[in-house]
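Subject: Structure handover

Hello,

Here is the structure you asked for.

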Amino acid sequence: MMDNDLRAQAAPDYAAVVLGNLSEPFPHSAHHTQVSADDRPTPEQIHPAFYTSFDWHSCVHMHWLGVSLVGGTPGSPFAGTTAAGASDGGTAAWVDAANEASLRAALGANLTPAKLAVERDYLLANPSWERPYGWAWLMRLAATCSASRDAEIREWGTALEPLVDAVAELSAAWMAKAQYPVRHGLHTNAAFGVGYMLDAFRSLGRVDAAKACEDAARTWFADDRGWPGDWELSGQDFLSAGLSEADLMRRVLSADEFAGWFAGFLPELSTASRILQPVSVTDETDGYLVHLHGLNLTRAGQVARIIATLRQSSGPEASAAAAVLSDALDPLLKAGLSGLESGDFMSTHWLASFAWDALGSVAELD
């Protein structure tokens, strides 16, 4: 599989990115709302598990990337050699033994019950904080840990269960009262966050939380038609609002239902559509402009997953749409992967997670 080969080539570099980020407490972008002049905690005091990697949500998905590199997925090149892996008959890691041991040590130091209890308490005390983007990555981390065959990683999943409880409660309350979704291409985009939470809740067996996500998706998006794909791009997006919505709806609808919905949602889709065109970055050091690298990567992952769903449909619209999306996939992926070449911290503190996600989704098409 070509994209498994790309993941095998990238894994050592991505491991270094994770290790670097988890040891880098500053610079830090704090999103804490002060309630008094004396309320000036350090990031580590209020977020003992997730205080590095520039900001909380980036730290969470760096942990997800680290777990993914250690825990392995189909096509992983290395057999696990640690005691934790061996107890379950071995795992297939993406990194060699030295990198695996370093990653396990760094991840295990943070994913402890005591530290995660503080993180849970902060979420419950600040119910709209990191909604829904940070919630989504946290649930994805928990689901990845809990689904692992590796005993140590599953222990991290157990330690994360109180946070799963908290996010299940908070997200259900939010979706029940949110009349309208957030549709722009930044962190508060509703479709992107709900999509990953839905996957995680299903994987974790949280039936009620998963149903709340499904109900919200149908309420917000089921009747959408004629999405203006050539208008949606703004200068600091890292998400396509339209493709994020489609990526959510493919999780909720049957393949045939989704094919019909997608044809009405993007009725004029072609290889020239702006929603499928790679974008470039003019300043790698600008934290907002480099979001566009992430846009290429998230578009690539979403396009791959949409293609996979369309291929399951027998509807007449499905094959034509899949062909258009297939033509767009490689240019988006290549443009996105090039964004990791700068080495600037404004890119490296988050882009590797998005690259790994996109490569995984593309590999599943092969």
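The crossing of helix 13 and helix 14 is left-handed. This is a predicted model, and everything below was computed from it. Helix 13 covers residues 291-310 and helix 14 covers residues 316-338; their axes lie 8 Å apart, at an angle of about 150°. Angles over 145 degrees count as roughly antiparallel, and helix 13 and helix 14 are therefore roughly antiparallel to each other.

On the helix 13 side, the contact is made by H293, N296, L297, R299, A300, V303, A304, I306, I307 and L310. Helix 14 contributes A318, A321, A322, L325, S326, L329, L332, L333, A335, G336 and L337. Sorted by class, the residues of this contact between helix 13 and helix 14 are 16 nonpolar, four polar and one charged.

The second pair is helix 3 (residues 56-71) and helix 7 (residues 133-147). Their axes are 9 Å apart, and the packing angle is about 20°. Angles under 35 degrees count as roughly parallel, so helix 3 and helix 7 are roughly parallel to each other. Helix 3 passes helix 7 in a crossing that is left-handed.

From helix 3, the residues in the contact are W56, H57, V60, H61, H63, W64, V67 and S68. From helix 7 they are Y133, G134, W137, L138, R140, L141, T144 and C145. The structure holds zero disulfides. C59 is in no disulfide, and the cysteine sulfur nearest to it, that of C145, is 13 Å away. A disulfide needs the two sulfur atoms within 2.5 Å. C145 is likewise in no disulfide, its nearest cysteine sulfur being that of C59, 13 Å away. Are these cysteines buried or exposed? C59 counts as buried because its relative accessibility is 0%. C145 is also buried, with a relative accessible area of 0%.

P27 lies in the loop between helix 1 (2-22) and helix 2 (43-46). P132 is found in the loop between helix 6 (113-125) and helix 7.

Last, the backbone angles. Which residues other than glycine have a positive phi? S53 is one of them, with phi near 65°. F54 is another, with phi near 80°. S53 sits in the loop between helix 2 and helix 3, and F54 is placed in the loop between helix 2 and helix 3 as well. Buried means under 20% relative accessible area. S53 is buried, at a relative accessible area of 0%, and F54 is buried at 18%.

Regards

How values were computed: Residues numbered from 1 in each chain as written. Predicted model: local features only at pLDDT ≥ 70, side-chain atom pairs only at ≥ 80, totals over all residues. Heavy atoms only, no water. Buried < 20%, exposed > 50% of the residue type's maximum accessible area, 1.4 Å probe, protein only. Axes fitted to C-alpha atoms, helices over the stretch in contact; angles between N-to-C directions. Helix = DSSP H or I, 4+ residues; strand = E, 2+ residues; numbered from the N terminus. Parallel < 35°, antiparallel > 145°, perpendicular 65-115°, else oblique. Left-handed = near helix turned anticlockwise from the far one by under 90°. Contact = heavy atoms within 4.5 Å. Nonpolar A, V, L, I, M, F, W, Y, C, P; charged D, E, K, R; others polar.
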